[in-house]
Amino acid sequence: MPKWKFKAWKAILRKYNISASTTEPYHPHQNRSERQIQELKKVATRILDHTSAPDYLWFEALSYATALLNHTSKQSLGWKTPLEVAFGVTSDISALVQFCFFESIYYFDAEASFPHSKELPARFLGLAENVGDALTFRILTVDSTIIYRSVMRSALDSINVNERALLT
């Protein structure tokens, strides 16, 4: 690292009264974050395995796993969530219980005109942080583009409706 960058970094640490330390190479047990990274990767791998999502969505699975772990209480935190400990506000899990990672969904397409459906198929990827309201989500379109939407529904509802129609 160039000397000027190191000095700039040290100035930031001093400004915000942050202590910094380094760990010995090849000794991850010295870094407390390594255990959480290991847990995060384990959860993300389970998500990919259980949803049959393609491996190229590994970053999306990590983001989803992070949201899940941040909204899950821990005994070591006095049965509080990490978000509650960090910000003092009880976590709202309503956005996380509506859809599962890589679940088939339909989202509203405002540009579609009659007689075409205003619903297009996609896959649910997770929460859209810093975009829209609390119930805005990241979705994967059929052409593999990630977009943000708040008006959508599970495609599993359609399957249930069709099955009910066959039974009557």
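This is a dialogue about how to read several features of a predicted model.

Biologist: What should I know about numbering and confidence before I look at any one feature?

Modeller: Residues are numbered from 1 along each chain as its sequence is written, and side-chain values use heavy atoms, with hydrogens and water left out. The model is predicted, so local features need pLDDT of at least 70 and side-chain atom pairs count only at pLDDT 80 or more, whereas totals for chains, interfaces and linings use all residues.

Biologist: How is a helix defined here, and what span should helix α1 have?

Modeller: Helices (H or I, at least four residues) and strands (E, at least two) are DSSP runs, numbered from the N terminus. The expected span of a helix is 1.5 Å times one less than its number of residues. Helix α1 covers residues 3–15, so its 13 residues should span 18 Å, and the 18 Å between its end C-alpha atoms agrees with that.

Biologist: Where is F102, and what is its phi?

Modeller: F102 sits in the loop between α4 (82–87) and β1, and its phi, near 65°, is a positive value in a residue other than glycine. F102 counts as buried, at 11% relative accessibility.

Biologist: Which residues does the cis peptide bond join?

Modeller: The cis bond joins F114 and P115, with omega about 10°; P115 belongs to the loop between β1 (104–108) and β2 (119–127).

Biologist: How should I read strand pairing, and how many bridges join β2 to β3?

Modeller: Two strands pair if DSSP finds at least two bridges between them. β2 and β3 run antiparallel and are joined by 5 bridges, with T141 in β3 as the bridge partner of A122. On to the next pair: β3 and strand β4 (residues 146–149) also run antiparallel, joined by 4 bridges, and R138 stands opposite Y148 in β4. β3 and β4 form a hairpin with 4 residues between them, and S144 in the turn has a positive phi of about 65°.

Biologist: Why is strand β3 described as largely enclosed by the rest of the structure?

Modeller: Strand β3 (residues 137–141) is largely enclosed because 5 of its 5 residues are buried. F137, I139 and T141 point one way from β3, while R138 and L140 point the other way, and all are buried.

Biologist: What counts as a pocket, and how much space lies in the largest pocket?

Modeller: On a 1 Å grid over the protein atoms alone, a pocket is an open set of points with protein on both sides within 12 Å along at least five of seven lines, and lining residues have an atom within 4 Å of a point. About 390 Å³ of space lies in the largest pocket. Of its 20 lining residues, the closest to its centre are H71, L83, D92, L127 and E129. Helix α3 (residues 58–70) gives the largest share of that lining, 3 residues.

Biologist: Which element gives the most to the lining of the second largest pocket?

Modeller: That element is α2, with 4 residues. The second largest pocket holds about 180 Å³ of space, and its lining includes Q36, I37, T66 and P82.

Note on methods:
On a 1 Å grid over the protein atoms alone, a cavity is a set of points where a 1.4 Å probe fits but cannot get out, and a pocket is an open set with protein on both sides within 12 Å along at least five of seven lines; lining residues have an atom within 4 Å of a point. Grid points are joined across faces, edges and corners, and a volume is the space filled by probe spheres set on the points. Buried means under 20% relative accessible area, exposed over 50%, partly exposed in between (1.4 Å probe, protein chains only).
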